[in-house]
Amino acid sequence: DLVSCVGWTTADELYSCSDDHQIMKWNPVTSETTRVVKLPDDVYPIDLHWFPRGVGGKKQSQAESFVLTSSDGKFHLISKLGRVEKSVEAHCGAVLAGRWNYEGTALVTVGEDGQVKIWSKTGMLRSTLAQQGTPVYSVSWAPDSDKVLYTSGQQLIIKPLQPNARVLQWKAHDGLILKTDWNLVNDLILSAGEDCRYKVWDSFGRALYSSQPHECPITALAWALDGELFAVGSFNTLRLCDKTGWSYALEKPSTGSIFAISWSIDGTQLAGACGNGQVIFAHVVEQHWEWKNFQITLIKRRTMKDLLEFRDRVIKASLSYGYLVVATSLQCYVFSTRNWNTPLIFDLKEGTVSLILQAERHFLLVDGGGLYLYSYEGRLISSPKYPGMRTDILNALTVSLSNDTLAVKDKADEKVIYIFEALSGKPLGDGKPLTHKTEIVEIALDQKGLTSERKIAFIDKNRDLFITSVKRFGKEQKIVKIGTMVQSLAWNDASNILCGIQDSKFTVWYYPNTVYVDKDLLPKTLYEKDASEFSKNPQIVSFVGNQVTMRRADGSLVHLHISPYPALLHGHVSTSSWQDGLRLCRFVKDQTLWACLAAMAVANKDMSTAEIAYAAIGEIDKVQYINSIKDLPSKESRLAHMLLFSGNTQEAETLLLQSGLVYQAIQININLYNWERALDLAVKHRTHVDTVLAYRQKFLEDFGKKETNQRFLQYAEGVSV
């Protein structure tokens with residue numbers, strides 16, 4: 001009879017339940033099938049979900065059991081050996097779905113009676129979350145297990161567990177919604193229904209993708225664990241899709257309707273429960289990896305084109321910086337693009353690798369147990385940890401690696417980024433994480449330059465783009481906003497150039513550090529291009545050399561070339577070849593390039609180059625100011641005025657006071673109309689009080705105002721100006 005539900009226990013073992021009352025166990029590697037148990041004749045199974053495998057690499061005692069919901073209004077807790085540990089009366093009519101939360105601390109069930117109930121892990125009723133007049137066909141937990149998503153006819157409803165919190169509800173389909181799934185890693189929601197469409201939503205209920213209608217209602221869908229792919233099942237149809245919605249592959253197996261889809265833990269294969277009594281197994285193959293002039297394709301589970309053979313199946317791979325890193329189920333292979341014959345091979349501890357990130361000097365492996373940083377020679381460099389670490393929910397948007405730094409966005413507090421020193425695995429600087437005022441959605445570290453100048457760019461949930469320095473030397477961090485409505489971003493691999501898609505424009509920040517040097521100059525250092533040709537919601541895949549690769553919403557790749565000159569300029573400046581930089585700018589005759597040179601020169605305190613560059617872009621006031629700095633007598637005062645030029649008034653004042661130049665410190669505060677501070681300094685150092693009062697008096701006379709400040713009146717009595 002028809003198979004109603006399937007679920008993987010390990011990467012190589014699947015359980016399936018059918019209306020013929022049997023629970024079967026499958027091993028796709030050895031092609032063995034055994035019957036686990038025959039259920040009583042009145043139990044028709046509907047949904048099955050294995051108890052979670054343990055969070056943070058810890059095995060749980062109950063992990064060898066599953067929940068099975070059935071048409072008689074009960075759910076059953078069944079052990080791996082097929083023993084029914086407990087049967088619980090749950091709903092009037094069939095129990096249509098049952099799901100454990102990610103920690104395994106609670107179970108949610110929904111039924112034909114329109115009720116949504118929460119149970120403890122031993123099967124005791126905790127609460128009835130919702131009641132409605134129509135059956136609830138599908139239910140999913142939110143990634144942090146504090147909300148539940150369920151269906152109500154054509155509506156989707158997200159209801160928080162705590163009472164009185166705001167419920168989110170929206171019309172999602174033009175027919176009955178049959179299935180939902182909410183991914184732990186990317187926080188996106190899938191829904192599918194009798195209107196024959198499947199849709200992708202974000203957790204605020206905004207539609208990100210809607211498919212064309214299929215011939216038949218869509219009866220199954222499921223996210224792969226890492227949130228990069230999902231699968232859709234319908235009558236004689238199995239489809240593999242990207243997380244943004246477009247379709248990689250369509251198969252037409254003769255299965256009848258596919259009622260349930262389950263992905264294996266490592267995301268390499270899936271199983272489907274078919275209406276004709278079969279169980280269908282499918283493997284993901286033909287992934288591509290590209291870098292510069294190399295392209296590699298996985299043609300079979302254990303073989304890549306170029307005839308790279310592996311002992312076990314390939315789970316994840318990454319190609320960048322001249323190395324191909326491949327994680328199989330038991331080992332990690334590192335190939336150099338200069339020599340494909342002799343890979344470096346080492347064994348993996350935990351197994352399922354969920355993410356590989358590469359930098360120029362080393363690479364990061366993420367698995368259920370932790371974060372591991374390896375050199376390309378296969379040596380374990382460090383294994384950073386932070387409190388409450390959950391590695392199963394990290395992806396390429398929430399982890400970033402450079403040659404000296406690793407940054408991780410935490411899930412427990414979305415406003416926090418943990419920053420580690422790569423070589424030691426210890427938190428950077430004073431050990432405090434970087435904290436922003438709103439939730440952060442994407443982070444990226446720049447790849448080049450000095451460690452002390454490492455920058456991190458991040459997008460928050462309002463889609464604003466910020467940049468800040470990773471090292472803070474005890475100073476208050478300056479987080480500066482440099483873009484709005486930014487959809488996607490990437491740093492260049494060879495110089496610190498940032499590109500992003502903001503609103504309807506593709507933008508390149510040729511020298512993002514400008515914001516710390518001369519903020520007004522930033523707009524002049526940008527390159528902007530209309531991005532409407534890339535359709536809506538394009539994603540940047542890579543930014544290598546002067547080529548940006550983007551993926552459009554329909555899945556096609558677009559290559560875009562940007563000017564090679566800013567990267568050359570970065571190269572000249574990094575070796576302090578100012579004359580070469582000037583020559584390049586004179587040759588190219590481009591205002592953007594001159595503006596970059598001006599900012600770079602000020603950042604590196606090369607005032608004569610800065611003067612030429614500012615003159616070239618017509619910023620005469622700045623040229624005059626730079627000239628006045630050059631004429632200052634002492635080195636300290638020149639440095640202080642350069643700090644002032646970049647807007648760092650506090651640091652300039654501190655520097656002057658340390659050098660004993662009290663009068664200059666007072667004078668810069670007078671020039672900035674910081675009267676109170678100027679008077680404080682004068683009184684504290686018992687000097688030039690009369691000067692401050694004289695300037696203040698002249699200032700008030702110019703504006704025809706009377707003195708109202710008590711402190712100035714008090715000192716004016718005792719001092720003749």
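Is F587 buried or exposed, and at what relative accessibility? F587 counts as exposed, at 59% relative accessibility. The cut-offs are these: buried means under 20% relative accessible area, exposed over 50%, and partly exposed in between, with a 1.4 Å probe and protein chains only. The notes below go through the rest of the structure.

1. **What kind of model this is.** This is a predicted model, in which local features need pLDDT of at least 70, side-chain atom pairs count only at pLDDT 80 or more, and totals for chains, interfaces and linings use all residues. Residues are numbered from 1 along each chain as its sequence is written, and side-chain values use heavy atoms, with hydrogens and water left out.

2. **Overall build.** The protein has 721 residues, and buried residues make up 54% of them. Its C-alpha atoms fill a box of roughly 105 × 65 × 45 Å, taken along the principal axes. There are 12 helices and 54 strands. Both are DSSP runs, numbered from the N terminus: helices are H or I with at least four residues, strands are E with at least two. A contact means heavy atoms within 4.5 Å. Among contacts between residues at least 6 apart in sequence, 40% join residues at least 24 apart.

3. **Domains.** Domain 1 covers 3–53 + 63–283, and domain 2 covers 632–720. These bounds come from an automatic or database domain assignment. The C-alpha centres of the two domains lie 70 Å apart. Q667 is found in helix α9 (residues 662–671). Q667 is buried, at a relative accessible area of 15%.

4. **Cysteines.** How many disulfides does the structure hold? The structure holds zero. A disulfide is a pair of cysteine sulfur atoms within 2.5 Å. Take C241: its closest cysteine sulfur is in C196, 15 Å away, so the two are too far apart for a bond. C241 is buried, with a relative accessible area of 0%. C332 is buried as well, at 0% relative accessibility.

5. **Aromatic rings.** The structure holds 33 aromatic pairs. Rings of Phe, Tyr and Trp (its six-membered ring) pair if their centres lie within 6.5 Å; planes under 30 degrees apart count as stacked, over 60 as edge-to-face and the rest as tilted. Y565 and F587 are edge-to-face because their ring centres are 6.5 Å apart and their planes stand at 80 degrees. This pair links distant parts of the chain, 22 residues apart: Y565 sits in helix α2 (residues 565–574) and F587 in helix α3 (residues 578–588). Y565 is partly exposed, at 29%. Elsewhere, W291, F294, F310, Y333, F335 and W340 form one aromatic cluster.

6. **A charge over a ring.** R696 lies over the face of F712, at 4.5 Å from the ring centre. The test asks for NZ of Lys or CZ of Arg within 6 Å of the ring centre and within 35 degrees of the ring normal.

7. **The largest core.** The largest nonpolar core has 45 residues. Such a core is a set of buried Ala, Val, Leu, Ile, Met, Phe, Trp, Tyr and Cys residues joined through side-chain atoms within 4.5 Å. Residues with the most contacts inside it are C499, F506, V548, M550, L569, L597 and Y614. Helix α4 gives the most to this core, with 10 residues. Leaving out residues up to four places away in sequence, L569 touches G581, L584, C585, L593, C596, L597 and M600.

8. **T592.** T592 is found in helix α4 (residues 591–603). At 16% relative accessibility, T592 counts as buried. Not counting residues up to four places away in sequence, T592 touches Y510, K524, T525 and L526.

9. **Helix α7.** Helix α7 spans residues 635–645, and its buried residues are S637, A640, H641, M642, L643, L644 and F645. They pack against α1 (514–517), α4, α5 (607–616), α6 (620–630), α8 (649–658) and α9. Just after α7, G647 takes a positive phi of about 85 degrees.

10. **Positive phi without glycine.** K292 is not a glycine, yet has a positive phi of about 50 degrees. K292 lies in the loop between β28 (288–291) and β29 (294–300), and is exposed at 59%. D503, also not a glycine, has a positive phi of about 55 degrees. D503 lies in the loop between β49 (498–502) and β50 (505–509), and counts as exposed at 54%.
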